[in-house]
Amino acid sequence: MKKVLALLLVALTAFAVFANGAQEETTAQAPAVKAEVNPEIGDAFASTVNITLMNSKPEITDALEEGAKIFGDTYNVNIEVFETDNPGLTISQRYASGDAPTIAIVDSTQVKELSSGRIADLSNEPWVECGGDVMGYKVDGKVYGMPLTIESMSILYNKTAIEETLGREFVKQDYTTLDEFRGLVEELVAAGMETPIILNSEDWSLGHKSIQYAYDYQDGTKAGAIQFLKDVHDGKTSFIEDEEFNEAYDTLDLFIEYNINRDDPLAADYDLNASYLADGEAAFWVNGTWAWPDFAPYADESSEYGILPFPINDNAGAGKVVVDSTKFIVLDIINASSEQQEAAKMFLNWLVFDPAGQDVLINKCQIVTAFSNITLPPTNPFNLDLQSYINAGLTVEGASYMPSDHRSVLAPVMQAYADGQLNREQLASALDDYWRTNLPLE
């Protein structure tokens with residue numbers, strides 16, 4: 001973890017200091033970067049090369065399409081971008097039909113599964129030396145997944161709404177434990193904000209992501225989480241007996257109690273949730289730094305926004321945010337021709353090394369990148385707050401070891417729990433059943 005954070009620090013040291021996530025400084029549009037053929041990337045193709053790109057981060061589809069056009073017009077490559085919210089299912093179907101995407105943005109699970117002969121070994125690509133080796137996804141020591149984003153599962157907050165409701169300054173460092181955070185929530189309710197917390201309904205968020213807090217905060221490392229899950233698998237422990245699981249679900253129970261969507265939690269609308277936080281109808285949105293592109297259209301220029309760690313009692317991870325490389329780019333070698341593979345590799349190198357490509361990643365996709373050569377500053381308050389936690393060493397390692405069916409099997413269980421259909425013992429039993437027949441990926 002120290003090695004990972006060291007590299008991230010190098011990548012982030014050039015980022016501008018941002019006081020309190022001031023909105024007015026982060027919405028300024030960067031000037032357009034003119035794209036020209038860069039001989040370090042390669043020459044333009046004599047005839048148009050057609051490739052496809054599967055994107056499993058729908059919030060950056062428009063930005064990717066814009067970048068694909070800039071690159072394509074420069075190098076004579078036509079990139080068809082299509083999106084999915086279920087990369088495991090979609091990539092499986094596309095390979096089965098003989099129509100695999102040339103480039104795919106996937107989760108770590110898919111990189112692991114596809115590495116057995118269907119995607120390219122990218123270990124010799126130039127971006128490996130400036131971030132890909134440490135933050136990329138490796139199988140047997142070889143880099144198969146190029147890291148796309150550094151993200152944080154965290155609690156997004158509206159500082160302005162909190163201060164206007166309470167009539168005093170909000171200092172987020174005062175609310176790192178559940179007891180402290182509960183007191184803040186109750187104070188907001190007493191001051192008139194009836195439901196200060198926003199929970200999503202989607203299986204990837206309410207189900208898949210929220211479950212992971214019980215893994216991430218075992219001891220703050222992937223190794224510790226994996227060991228716990230192995231112990232469950234071997235029958236040495238159970239979720240209901242685990243202190244960290246119960247601490248995490250004490251927090252989640254508070255979120256459920258004060259959820260603005262509590263009357264019908266599974267009918268919550270993601271865009272409406274973004275507007276609740278932006279407008280100050282609620283103070284906290286249980287989500288992650290990836291939410292900015294969807295949140296930005298609703299953001300109020302007069303308001304300040306940022307991120308909080310998951311509030312948890314009696315845990316070494318209290319006050320620390322969950323951080324990980326959350327999406328990876330892979331290249332097909334089954335259906336793609338050698339020319340298509342070359343065009344795909346050029347596109348990835350263009351994103352990392354060409355100013356126009358870097359502009360796409362940082363200013364258009366609005367992500368925090370793993371690559372130390374990219375010195376463009378983050379462009380939104382969520383990522384700027386993430387920078388401050390990384391700089392301070394206040395991070396725990398995120399989950400990237402779930403089997404491919406983790407979401408499909410367990411997300412509905414968490415959704416049922418949030419809807420009051422299951423109690424904690426029943427939820428814990430379902431988690432036990434899953435992990436006693438599955439092992440974490442390593």
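Visitor: Which residues line the second largest cavity?

Guide: A cavity is a set of points on a 1 Å grid over the protein atoms alone where a 1.4 Å probe fits but cannot get out, and lining residues have an atom within 4 Å of a point. Here the lining consists of Met153, Ser205, Leu206, Lys209, Ser210, Tyr213, Val286, Asn287 and Trp290. Before we go on: this is a predicted model, in which local features need pLDDT of at least 70 and side-chain atom pairs pLDDT 80 or more, while totals for chains, interfaces and linings use all residues. Residues are numbered from 1 along each chain as its sequence is written, and side-chain values use heavy atoms, with hydrogens and water left out.

Visitor: How many cavities of 30 Å³ or more does the structure hold?

Guide: There are three. A volume is the space filled by probe spheres set on the grid points, which are joined across faces, edges and corners. The largest cavity has 14 lining residues, and Glu151, Thr289, Trp290, Gln366 and Ile367 lie nearest its centre. Strand E5 provides the largest share of this lining, three residues, and the classes are seven nonpolar, four polar and three charged.

Visitor: What volume does the largest pocket have, and which residues lie nearest its centre?

Guide: A pocket is an open set, with protein on both sides within 12 Å along at least five of seven lines. The largest one has a volume of about 930 Å³. Its lining has 45 residues, with Asp107, Trp204, Lys209, Lys327 and Arg407 nearest the centre. Elements giving two or more residues include H4 (87–96), E5 (142–158), H9 (203–216) and H17. The lining comprises 13 nonpolar, 17 polar and 15 charged residues.

Visitor: At what angle do H17 and H18 pack?

Guide: Axes are lines fitted to C-alpha atoms, for helices over the stretch in contact, and angles run from 0 to 180 degrees between N-to-C directions. H17 (residues 406–418) and H18 (residues 424–435) pack at about 175 degrees, with axes 10 Å apart. They are therefore roughly antiparallel; the classes are under 35 degrees roughly parallel, over 145 roughly antiparallel, 65 to 115 roughly perpendicular, and the rest oblique. In contact (heavy atoms within 4.5 Å) are His406, Val409, Leu410, Val413, Met414 and Tyr417 of H17 with Arg424, Leu427, Ala430, Leu431, Tyr434 and Trp435 of H18.

Visitor: How many aromatic pairs does a search of the whole structure find?

Guide: Rings of Phe, Tyr and Trp (its six-membered ring) pair if their centres lie within 6.5 Å; planes under 30 degrees apart are stacked, over 60 edge-to-face, the rest tilted. The search finds 30 pairs. Tyr215 and Trp435 have ring centres 5.8 Å apart and planes at 85 degrees, so this pair is edge-to-face. Tyr215 sits in H9 and Trp435 in H18, 220 residues apart.

Conventions
Helices (H or I, at least four residues) and strands (E, at least two) are DSSP runs, numbered from the N terminus. Ala, Val, Leu, Ile, Met, Phe, Trp, Tyr, Cys and Pro count as nonpolar, Asp, Glu, Lys and Arg as charged, and the others, Gly among them, as polar.
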